[in-house]
Amino acid sequence: MTKRILLTGANGQLGSEIRQRVAQMTAAYNLEPTDQATLDICDLAQVEAAVAAFKPDVIVNAAAYTAVDKAESERDIAFAVNAKGPENLALAASQAGIRLIHISTDYVFNGDNCKPWQPDDPVGPINVYGESKLAGEQSVLKALPDALIIRTAWVYSRHGQNFVKTMIRLMNERDSLGIIADQVGTPTHAGRLAEIVLSAVDQPTLSGIYHWTDAGVASWYDFAQAIYEAGSKVGLITSACQLKPISTQDYPTPATRPCYSVMDCSRSREDLGHARHWREQLQLMIAELDYENNGANA
Ligand SMILES: NC(=O)c1ccc[n+]([C@@H]2O[C@H](COP(=O)([O-])OP(=O)(O)OC[C@H]3O[C@@H](n4cnc5c(N)ncnc54)[C@H](OP(=O)(O)O)[C@@H]3O)[C@@H](O)[C@H]2O)c1
């Protein structure tokens with residue numbers, strides 16, 4: 001049966017990838033994509049009206065305030081979007097008797113670990129963004145205990161702004177770059193994450209907290225090195241750039257970031273789908289960018 005999905009944050013990285021995949025599977029899903037202009041999740045009345053009008057089977061919340069450094073000075077906005085917004089969606093879902101799939105982050109953990117974080121490990125965010133996302137998880141589960149929360153990490157896509165696109169630009173502009181080598185996590189392509197979210201849509205009995213990232217582990221330095229190699233190979237990076245590993249101390253930012261963010265995804269691999277290694281996913285994204293920049297003109 002066709003599933004009716006109310007999608008928030010439809011123009012973000014994840015939202016765009018979900019829209020793209022649903023467009024290829026029109027018989028399976030009836031999607032109502034909304035962005036901040038058409039549905040501000042901070043406004044409960046708007047959320048309730050959208051649910052009443054579209055009558056979804058499930059709300060997928062891909063909307064968030066994701067500016068990690070800016071959140072340190074915009075705490076109120078971060079909490080409005082990342083805590084109050086998801087609470088509104090959960091309240092509306094509860095009233096309507098429908099599901100909510102909400103996306104959260106590895107930044108709910110403090111990074112002080114040496115083995116992958118389990119979904120039920122103690123949380124302890126160390127920046128405002130992480131605090132606001134944790135508050136969102138808690139308010140969602142309070143209003144709708146059967147909600148499904150998928151924590152992810154280090155997300156990139158050909159849509160929007162992200163580390164991969166920033167690196168490609170900087171690598172073309174500079175002779176050398178210092179990249180942090182003492183923060184470790186798992187780069188995650190929003191495209192595969194979108195497929196995993198749709199897999200969750202198809203399984204109405206799933207609830208609770210899941211972790212999803214691509215497979216493998218990397219420091220930002222490893223990730224940058226792989227971007228340089230893949231980007232140079234297809235001609236997206238056209239000049240030499242030396243990458244130097246630096247420490248977190250050498251690159252102060254307003255928000256403190258966890259040094260170990262790898263998450264244990266075994267439950268989601270079993271219930272939601274298999275993962276590819278992050279290097280393989282990066283190659284796919286670089287190929288998409290290359291097609292966008294060069295292929296279309298070839
Ligand atoms: N990006 C990462 O590295 C990362 C890592 C871990 C977890 N996550 C989580 O993954 C999810 C998807 O992230 P993403 O990278 O796709 O985010 P994104 O590209 O920043 O997209 C978020 C979207 O939310 C929209 N939005 C902001 N405030 C809103 C509001 N009040 N009402 C409705 N929409 C609003 C934004 O619209 P405007 O642009 O118009 O403001 C934007 O289109 C989020 O839950 C995020 O916390 C992301």
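These legends describe close-up views of helices, helix pairs and cysteines in a predicted model. Residues are numbered from 1 along each chain as its sequence is written, and side-chain values use heavy atoms, without hydrogens or water. In this predicted model, local features need pLDDT of at least 70, side-chain atom pairs count only at pLDDT 80 or more, and totals for chains, interfaces and linings use all residues.

**View 1. Helix H4 is mostly covered.** Helix H4 runs over residues 128-143. Helices (H or I, at least four residues) and strands (E, at least two) are DSSP runs, numbered from the N terminus. H4 has 16 residues and reaches 22 Å from its first C-alpha to its last. That is close to the 22 Å expected at 1.5 Å a residue, where the expected span is 1.5 Å times one less than the number of residues. Of its 16 residues, 12 are buried. Buried means under 20% relative accessible area, exposed over 50%, and partly exposed in between (1.4 Å probe, protein chains only). Among the buried residues are Val128, Tyr129, Leu134, Glu137 and Ala143. Their cover includes helix H3 (75-96) and strands S4 (99-105), S5 (148-152) and S10 (208-211).

**View 2. Alanine 135 sits in helix H4.** Alanine 135 counts as buried because its relative accessibility is 19%. Neighbours within four places in sequence aside, alanine 135 is in contact with Phe79 and Ala83. Contact means heavy atoms within 4.5 Å. Valine 108 is 27 residues from alanine 135 in sequence, and their C-alpha atoms are 9.3 Å apart.

**View 3. Helices H1 and H6 pack at an angle of about 65°.** H1 spans residues 13-23, H6 spans residues 190-201, and their axes are 8 Å apart. Axes are lines fitted to C-alpha atoms, for helices over the stretch in contact, and angles run from 0 to 180 degrees between N-to-C directions. H1 passes H6 in a right-handed crossing. A crossing is left-handed if the near helix is turned anticlockwise from the far one by less than a right angle, and right-handed if clockwise. H1 contributes Gln13, Leu14, Glu17, Ile18, Arg21 and Val22 to the contact. From H6 come Ala190, Gly191, Leu193, Ala194, Glu195, Val197 and Leu198. By class, the contact of H1 with H6 has eight nonpolar, two polar and three charged residues. Ala, Val, Leu, Ile, Met, Phe, Trp, Tyr, Cys and Pro count as nonpolar, Asp, Glu, Lys and Arg as charged, and the others, Gly among them, as polar.

**View 4. Alanine 23 lies in helix H1.** H1 is largely enclosed by the rest of the structure, because eight of its 11 residues are buried. Alanine 23, at 56% relative accessibility, counts as exposed. Alanine 287 is 264 residues from alanine 23 along the chain, with 20 Å between their C-alpha atoms.

**View 5. Helices H5 and H7 pack with their axes 10 Å apart.** H5 (residues 163-173) and H7 (residues 220-234) meet at an angle of about 65°. The crossing of H5 past H7 is right-handed. In H5, Phe163, Val164, Met167, Ile168 and Met171 meet Trp220, Phe223, Ala224, Ile227 and Tyr228 of H7. The contact of H5 with H7 has 10 nonpolar, no polar and no charged residues.

**View 6. Cysteine 114 and cysteine 259 lie too far apart for a bond.** Their sulfur atoms are 11 Å apart. The whole structure has zero disulfides, a disulfide being a pair of cysteine sulfur atoms within 2.5 Å. Cysteine 114 counts as exposed at 73% relative accessibility. Cysteine 259 counts as partly exposed at 42%.
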